[in-house]
Amino acid sequence: MSGEKKGRRLREGYEGLLHLMTKRDDESEIKRKKRRFAVIVMFGIAMSVIAFLISISISSGGIISVGDAVSALISSVQKHGEDLDTTELYIYQARLPRAIAAIAVGSGLSIAGCMYQALIRNPLVDPYITGVSSGAGCLAIASWHWRYRSRSFPTATFT
């Protein structure tokens, strides 16, 4: 595909997305917000899939093409993790758990951020407003103390 054709298709896609997001005179505000929400959710899902594919193909151990990584992932899942070759084993035991954990943590953080924004009714909310950061720091110090209190540290220092 030539560069001019790619540019035209990209421009058409952008204009189509812009058309979906702009306000029309013949529709209600609720319908427009629902359509906008659907576009945002689909964009988020697409970006998550792209990030997942990139994370299973690139790591500190080396770069595997996305096609090879996806085929190794599908093959290793079909084999239920048994009798895997080197690439399949690396994808199945190292990269897949890391990618799934990253998606889970990112989803949890985004949900927590949305909840903070809804509860405090401030779009620029941060964890310092509610004291969550101070509480997390206190819990980290307390758990560190609980774990290492019987070791060589004098407990009178922390009590």
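Guide: A term to begin with: helices are DSSP runs of H or I with at least four residues, numbered from the N terminus. Also, this is a predicted model.

Visitor: Fine. Which residues make the nonpolar surface patch?

Guide: Phe43, Met47, Ile50, Ile54, Ile58 and Ile63. The patch covers about 610 Å².

Visitor: Which helix gives the most to it?

Guide: Helix H2, residues 29–57. H2 supplies four residues.

Visitor: And where does Ile63 lie?

Guide: In strand E2, which spans residues 62–63.

Visitor: Is Ile63 buried or exposed?

Guide: Exposed, because its relative accessibility is 69% and the cut-off for exposed is over 50%.

Visitor: Switching topic. How many helices and strands are in the chain?

Guide: Six helices and two strands. Along the sequence the pattern reads α-α-β-β-α-α-α-α.

Visitor: How do H3 and H4 cross?

Guide: At roughly 90°, with their axes coming within 8 Å. H3 covers residues 66–78 and H4 covers residues 86–120. The two helices therefore count as roughly perpendicular to each other.

Visitor: Which residues meet there?

Guide: From H3, Ala69, Ala72, Leu73, Ser75, Ser76 and Val77. From H4, Thr87, Glu88, Ile91, Tyr92 and Leu96.

Visitor: Now the whole chain. What share of residues counts as buried?

Guide: 14% of the 159 residues. The chain exposes about 12400 Å², and carbon and sulfur atoms supply 64% of that area.

Visitor: What about contacts between residues 24 or more positions apart?

Guide: They account for 27% of the contacts with a separation of 6 or more.

Conventions
Residues are numbered from 1 along each chain as its sequence is written. This is a predicted model: local features need pLDDT of at least 70, side-chain atom pairs count only at pLDDT 80 or more; totals for chains, interfaces and linings use all residues. Side-chain values use heavy atoms; hydrogens and water are left out. Patches are made of residues with over 30% relative accessible area and no salt bridge: like charges are joined within 9 Å, nonpolar side chains (Val, Leu, Ile, Met, Phe, Trp, Tyr) within 5 Å. Accessible areas come from the Shrake-Rupley method with a 1.4 Å probe; for residues, only the protein chains shown count as cover. A salt bridge is a side-chain nitrogen of Lys or Arg within 4 Å of a carboxyl oxygen of Asp or Glu. Buried means under 20% relative accessible area, exposed over 50%, partly exposed in between (1.4 Å probe, protein chains only). Contact means heavy atoms within 4.5 Å. Axes are lines fitted to C-alpha atoms, for helices over the stretch in contact, and angles run from 0 to 180 degrees between N-to-C directions. Angles under 35 degrees count as roughly parallel, over 145 as roughly antiparallel, 65 to 115 as roughly perpendicular and the rest as oblique.
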